[in-house]
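Visitor: Could you walk me through this one? I'd like to start with the pockets.

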Amino acid sequence: MTPDRHGSAVIEFPSDLEIVTVRKFDAPIELVFDVLTKPEHVSKWFAPFTDVVTECSIDLRVGGKYHIVLVTEDGTECSFRGTYLEVEPPIRTVATWLFEGWPDAHAVDSVDLHETDGVTTMTTKLAFRDQAGRDHMTKFDGQEDGFNKMEDYLRSLLEKKGSASA
Amino acid sequence: MIGPVARSPATADVFNAIAEAHRREILDALIPGEKAVGTIVNDLSMSQPQVSKHLRVLSEVGLVSCRAEGRRRLYRLEPARLRPMHEWLGKHEQALNDRLDRMDDYLKRLQGGGDDA
């Protein structure tokens, strides 16, 4: 029996511009790498069941492009695209990341895999490149100074004032 | 790996209010309790007009409230107004976890743990 790892992702915000996620999978590193980088796999898990993946193309080589489009239940189209900067199967990919809803929020998405005793740990880092991306995140999501500070700060406010009964 | 999470428009003002570093400092300064404008000015080495301007923005979105005591105006934190933001952060974390959980389930199916591979 493998452990139930649902909900176990550790999400951290090491700087104002970075979001790091760590998650373990009970699978060999090669399979995890394929599931992350082959369209026939990505199209099966990337979107929630209520959404439909309408495009999933991945040209896995340095300079190659990927493009994933999904349509949500209410008809909203979400399009992610980017270009691979580093491809090192099965341990690492680095690619640019552009979500069309945030046209200025250029980011670099890196994925690192490491296998120990049949358990593969995936570390992803989404790093917004510059002020433009950061400003865009602010405009749409209020993340100007990074979630870590904000979340600590929210927690401190909510705990100290004990106002959970909003 | 990370997608957008819809946010209700009603919370946008709170998000914008809190996006400014000085306004967060003012909110921090009010954690211990109610304070007069002058006390906040002393605590934070910001000018009085600056503090007043930020307090006005914070009042408009309901993050602070104000009462008069004699000639002084005392400001206090209204942390309940932060709840929508707290919930939004939780939702973002949830969306990310859900995607990774789907990947986990899919990997299990591929490895023969189910009938849907």
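Guide: For the residue classes, Ala, Val, Leu, Ile, Met, Phe, Trp, Tyr, Cys and Pro count as nonpolar, Asp, Glu, Lys and Arg as charged, and the others, Gly among them, as polar. This is a predicted model, where local features need pLDDT of at least 70, side-chain atom pairs count only at pLDDT 80 or more, and totals for chains, interfaces and linings use all residues. Residues are numbered from 1 along each chain as its sequence is written, and side-chain values use heavy atoms, leaving out hydrogens and water.

Visitor: How do the residues lining the second largest pocket divide?

Guide: Into seven nonpolar, one polar and five charged. Lining residues have an atom within 4 Å of a point of the pocket, an open set on a 1 Å grid where a 1.4 Å probe fits, with protein on both sides within 12 Å along at least five of seven lines.

Visitor: Which element gives the most to that lining?

Guide: H5(B), with four residues; helices (H or I, at least four residues) and strands (E, at least two) are DSSP runs, numbered from the N terminus.

Visitor: Changing topic, which residues of H3(B) are buried?

Guide: B:Val37, B:Ile40, B:Val41 and B:Leu44, buried being under 20% relative accessible area with a 1.4 Å probe, protein chains only. They line one face of the helix, because they fall within an arc of 100° seen down the axis of H3(B), taking directions from the axis to the C-beta atoms.

Visitor: What comes just after H3(B)?

Guide: B:Ser45, with a positive phi of about 45°.

Visitor: And how many bridges join E1(B) to E3(B)?

Guide: Two, and the strands run antiparallel; strands pair if DSSP finds at least two bridges between them. B:Ala36 has B:Leu74 in E3(B) as its bridge partner.

Definitions and conventions: Chains are lettered from A and ligands numbered from 1 in the order in which they are written. Buried means under 20% relative accessible area, exposed over 50%, partly exposed in between (1.4 Å probe, protein chains only).
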